[in-house]
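Could you walk me through this model in my viewer, one selection at a time? I am new to it, so please tell me what to pick next and what I will find there.

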Protein chains: 2
Amino acid sequence: MILAPSRPGIYARGSETVDQILKAALDVLIDEGADAFTLRRIAARCDMKVGNVSYHFPRKEMLIQVMLDEMLESYDKLLEEMVRKPGLTAEERLKLVIILCLEDIQTKRTTHLFTELWALANQSEFVADRVRLFYSKVHEVIGEYVAQINPALAPDEVHSVALFISAAMEGSTPFLGHQKPWAAKMPVFTALAAMSFVHLAKTVTSRDLAGLMTEAA
Amino acid sequence: MILAPSRPGIYARGSETVDQILKAALDVLIDEGADAFTLRRIAARCDMKVGNVSYHFPRKEMLIQVMLDEMLESYDKLLEEMVRKPGLTAEERLKLVIILCLEDIQTKRTTHLFTELWALANQSEFVADRVRLFYSKVHEVIGEYVAQINPALAPDEVHSVALFISAAMEGSTPFLGHQKPWAAKMPVFTALAAMSFVHLAKTVTSRDLAGLMTEAA
DNA sequence: GCGAATACTGGACAGTCTTCAAATATTCGT
DNA sequence: ACGAATATTTGAAGACTGTCCAGTATTCGC
């Protein structure tokens, strides 16, 4: 794994400044896109001089890496919060995760950040690495419920189903996410997803997952 | 709809040059990403001087718009080719479209182009407009088969199911697309998609689509 | 093949960008 | 509260960007 440089800021003031820079950087990426992601715009966003941003993050790449790591960590926490719901069956938990994920996708933050991230991952090994790491955790969470719902599945088969559910949900982002053309249909998408994916988890067999893909061509 | 400027190039030579520029521009976007999408890189890619590119496309935005329109038109053709398969039932056709779409997602071209497009659509109204238009056609094609498979559904309900199937498939792009971390699992993803989506189309009812989303929270 | 329309060259322009170094201001352990 | 460590400002370098234009070459209808 590619390590991100440690977060700068020794004095209290410096640390706070770093906070502001990182928040401003994330805001610029969300509100104005990767194209506008420049030190000048970030500095302007938090009422600073470019030189100051450049002092705390000597290379722009460092800023990107620290920002991405902190951002994905916050999503990690969000994910863990979803897990801690007591008194629910595996099926109910899976349904809940689906609902909460799709809810989150509707936020401007998630809609914009992740579409940008998928594009950046095409060129940046660092971004690709972090995105992969994050979704591995998502697959783990979903996979845990799938395994409980359908104990006959082998671990790799469980992962395949989790990957399918996760990817299919994420696919709603560019189409039903924040201010996207079919955003109004997110409730019905959620209903279909909950129904369809839970049914899949319940009924899928090792035979189905053998990847035969027989007829139909 | 936002109109794109008409394609430049009057003489045979000029028209061919425009071809080369548009191809080079697309190649740069696919191979090097939106960050490297500059007139100079595009010019270098087709062995031209910047001034020449700038002559044929006085504004960079014109180049983007013409390029996007030609590119999506080629995907339109691809889509129409999928439809023209004789002697198949609606179910077989739906399965085939799923398989062909997921096959196409595995190409570098589609994986990179569409992830970039989804990101660009966050900021550019023109890109957002064209993307919406394109997927509307996709929904139409899928919806036609869904309607045949499940005649009880109302037109809007058909569209909801088509939207779900389309979005869920597209979601595989950042994860199982060209050189993505779980690309090797595309066969099993395809098998699950074909099975799951066809089953959904067959069994979904108006009640399911009412968007009640009762319990589980 | 003449000549006007079109295509292409090379350079200049005003911006922008990241990065850096020197000068100044602030913080905080002592 | 002194002073070294840290933070911030300022200014500038060097490279990049899209756009424009005068000059030159090519095309193609007549």
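A crossing of two helices is left-handed if the near helix is turned anticlockwise from the far one by less than a right angle, and right-handed if it is turned clockwise. Keep that in mind for two of the stops below. One more thing before setting off: this is a predicted model.

**Stop 1**

Select chain A and colour it by secondary structure. Along its principal axes, the C-alpha atoms of chain A fill a box of roughly 60 × 40 × 35 Å. Of the 217 residues in chain A, 52% are buried. If you look at contacts in chain A between residues at least 6 apart in sequence, 68% of them join residues at least 24 apart.

**Stop 2: helix H8 of chain A**

Now select residues 155–170 of chain A, which form helix H8. How far apart are the end C-alpha atoms of this helix? They are 22 Å apart, which agrees with the 22 Å that 16 residues should span at 1.5 Å a residue. Because 13 of its 16 residues are buried, H8(A) is largely enclosed by the rest of the structure.

**Stop 3: the loops on either side of H8(A)**

Go to Asn150(A), in the loop between helix H7 (125–149) and H8 of chain A. Is Asn150(A) buried or exposed? With a relative accessible area of 7%, Asn150(A) is buried, because the cut-off is under 20%. Leaving out residues up to four places away in sequence, Asn150(A) touches Ala201(A), Lys202(A), Thr203(A) and Val204(A).

Then move to Ser172(A), in the loop between H8 and helix H9 (173–176) of chain A. Ser172(A) has 0% relative accessibility and counts as buried. Show its contacts, again without residues up to four places away in sequence: Ser172(A) touches Leu102(A), Ile105(A), Gly177(A), Met186(A), Phe189(A) and, from chain B, Ala167(B). Leu102(A) is 70 residues from Ser172(A) in sequence, yet their C-alpha atoms are 7.9 Å apart in space.

**Stop 4: two residues with positive phi**

Select Asp47(A), which lies in the loop between helix H2 (39–45) and helix H3 (50–56) of chain A. Asp47(A) is not a glycine, but its phi is positive, at about 55°. Its relative accessible area is 74%, so Asp47(A) is exposed.

In chain B, select Gln179(B), found in the loop between helix H9 (173–176) and helix H10 (186–203). Gln179(B) also is not a glycine and has a positive phi, near 55°. Gln179(B) is exposed, with a relative accessible area of 73%.

**Stop 5: helix H5 of chain B**

Stay in chain B and select residues 90–105, helix H5. This helix of 16 residues reaches 22 Å from its first C-alpha to its last, close to the 22 Å expected at 1.5 Å a residue. Twelve of the 16 residues of H5(B) are buried, so the helix is largely enclosed by the rest of the structure. Among the buried residues are Leu94(B), Val97(B), Ile98(B), Cys101(B) and Leu102(B), and also Arg93(B), Lys95(B) and Asp104(B).

**Stop 6: H4 against H6 in chain B**

Select helix H4 (residues 60–83) and helix H6 (residues 108–120) of chain B, which pack at an angle of about 130° with their axes 13 Å apart. That angle makes H4(B) oblique to H6(B). Their crossing is left-handed. On the H4(B) side the contact has Leu68(B), Met71(B), Leu72(B), Ser74(B) and Tyr75(B), which meet Arg109(B), Thr110(B), Leu113(B), Phe114(B) and Leu117(B) in H6(B). By class, this contact has seven nonpolar, two polar and one charged residues.

**Stop 7: H7 against H8 in chain B**

Finish with helix H7 (residues 125–149) and helix H8 (residues 155–170) of chain B, whose axes are 8 Å apart and meet at an angle of about 120°. H7(B) and H8(B) are therefore oblique to each other. In which hand does H7(B) pass H8(B)? The crossing is right-handed. Residues of the contact include Tyr135(B), Val138(B) and Ile142(B) of H7(B), together with Val158(B), Ala162(B) and Ile165(B) of H8(B). The contact of H7(B) with H8(B) divides into eleven nonpolar, four polar and one charged residues.

Terms used
Residues are numbered from 1 along each chain as its sequence is written. Chains are lettered from A and ligands numbered from 1 in the order in which they are written. This is a predicted model: local features need pLDDT of at least 70, side-chain atom pairs count only at pLDDT 80 or more; totals for chains, interfaces and linings use all residues. Side-chain values use heavy atoms; hydrogens and water are left out. Axes are lines fitted to C-alpha atoms, for helices over the stretch in contact, and angles run from 0 to 180 degrees between N-to-C directions. Helices (H or I, at least four residues) and strands (E, at least two) are DSSP runs, numbered from the N terminus. Angles under 35 degrees count as roughly parallel, over 145 as roughly antiparallel, 65 to 115 as roughly perpendicular and the rest as oblique. Contact means heavy atoms within 4.5 Å. Ala, Val, Leu, Ile, Met, Phe, Trp, Tyr, Cys and Pro count as nonpolar, Asp, Glu, Lys and Arg as charged, and the others, Gly among them, as polar. The expected span of a helix is 1.5 Å times one less than its number of residues. Buried means under 20% relative accessible area, exposed over 50%, partly exposed in between (1.4 Å probe, protein chains only).
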